[in-house]
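Here are my notes after going through the model you sent.

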Amino acid sequence: MTPLRRAAHRMPEHDAETQGGLRRLNLVMLLAPLAVVGALLVAADARTGWDAAILVPGVIAALVAVERWTAGDLSRVVLPCLVITAAVWPLGVLVVGSATASYGLTIVGPLVIPQLRRHRGMAAWGLIGFVAAVGATRPAVSQESVAGVLTSYVLVPTVVTGVATGLNFANRRFYALMERAREREAELAVARERIRFASDLHDIQGHTLHVVKLKIALAEKLVGSDLERVRQELREVRALVGDTIAQTKELAYAQRRLNLSAELENAKNLFEAAGIRVRVDREADGDERVDELLGQVLRETTTNILRHSQAEQVRITLSETGIVIVNDGVRADLVPRLRGLSTLGERVAGDGGELRVEQKDGRFLTAADLPRPPSGATL
């Protein structure tokens, strides 16, 4: 599986994991408190077993709706839950005398309405109107004061229903924004993978093509005087092209690993073949991950020196977590042209390190510093 396909394959898994986490969070934060509040309201308003038999189904229907809503499967239970809670409210008003019998309806209704494909505003006002209208029938069967009845059975349930509906509209909007954010995150992950792949491909192909160009130019010069050396250079070109093909395949299947020692030896051979004196100071061996990044810096810098400078000498200093490369023969317009180093600098920074380039007095310095891996870390 290629890196881009693997990145795309991980996106559904990431979304499923995120949704699962949100569902668990919703269940913990919503279901238990709603169940406790519903039980307390039933206990406060139910004076007989028949009263409880009327009120309890509304609470149960609300909890079922919430549980299915967190699972993204509300449509399977929405109709029975809505019918039950809508029936409990008038029965609670007219039979039980419960001002809180609208509890289930104020949960199920606001969950359903924001998920309607159209006419959501009309449905919201219809729900609020139904709650208010049912509550307004209480004076017909009650001797209580009209003002008290209207406050308890009309004003409070209507306001609660309106607020709950508004909050669920906001909640749906929030989830839509999160979904778009996940989509953008997935797109950025693919884009980053493409940039990384393009950068690695540039490292491999650009470096090889320039070396091949140098070797062929050398073979042209020697074709009339040293035929054996020409054959040797052509054999090396063939081997180099074969190695590049293998590295390209490894890159395509995310199996490529740079070896710093091999890159160091390759850089020395290339500099010497180009008539450039090279000095290497290696203070310590580094971690595998550090060596791979330092190898990329060395390869890119070697290509830049051969391509963009008229260097006569190069000094390479390696430490456990860093590399410093200094060369002479630098042109004044060099820095703006080194796009490969700029891209590589972003990769080094992504690993917590820093890539510095400095040009002064005809000399060019490339230095990469990486953080020391934690003791015992496995990379």
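1. Helices here are DSSP runs of H or I with at least four residues, and strands are E runs of at least two, both numbered from the N terminus. Counted that way, the protein has 10 helices and five strands. Keep in mind that this is a predicted model.

2. On the overall numbers: of the 379 residues in the protein, 37% are buried. The accessible surface comes to about 21,100 Å², and carbon and sulfur atoms account for 59% of it. If you take the contacts between residues at least 6 apart in sequence, 70% of them join residues at least 24 apart.

3. H2 deserves a look. This helix covers residues 49-70, 22 residues in total, and spans 32 Å from its first C-alpha to its last, close to the 32 Å expected at 1.5 Å a residue. There is still a kink of about 25° at Leu-55, shortly before the proline Pro-57.

4. Now the two ends of H2. At its start, a side-chain oxygen of Thr-48 comes to within 3.4 Å of the backbone nitrogen of Trp-50. After the helix comes Gly-72, with a positive phi near 70°.

5. Which residues of H2 are buried? The set is Asp-51, Ile-54, Leu-55, Gly-58, Val-59, Ala-61, Ala-62, Ala-65, Val-66, Trp-69 and Thr-70. When you read that pattern, recall that an α-helix has 3.6 residues a turn, so residues three or four places apart point the same way. Leu-55, where the kink lies, is among the buried residues.

6. On to the strands. E5 (residues 363-369) pairs with E3 (residues 322-327) in the antiparallel sense, over six bridges.

7. Where E4 and E5 form their hairpin, two residues lie between the strands, and one of them, Asp-361, takes a positive phi near 50°. Lys-360 has Arg-363 as its bridge partner in E5.

8. Last, His-119. What is its phi? The value is near 55°, which is positive in a residue other than glycine. His-119 sits in the loop between helix H4 (103-112) and helix H5 (120-135). Is its side of the model buried or exposed? His-119 counts as exposed because its relative accessibility is 53%, and the cut-off for exposed is over 50%.

Terms used
Residues numbered from 1 in each chain as written. Predicted model: local features only at pLDDT ≥ 70, side-chain atom pairs only at ≥ 80, totals over all residues. Heavy atoms only, no water. Expected span 1.5 Å × (residues − 1). Bend = angle between axes of the 7 residues up to and from the residue. Buried < 20%, exposed > 50% of the residue type's maximum accessible area, 1.4 Å probe, protein only. Polar contact = N/O pair within 3.5 Å; in protein donor to acceptor, adjacent residues only side chain to side chain. Contact = heavy atoms within 4.5 Å. Areas by Shrake-Rupley, 256 points an atom, 1.4 Å probe, with all protein chains shown as cover. Pairing = 2+ DSSP bridges.
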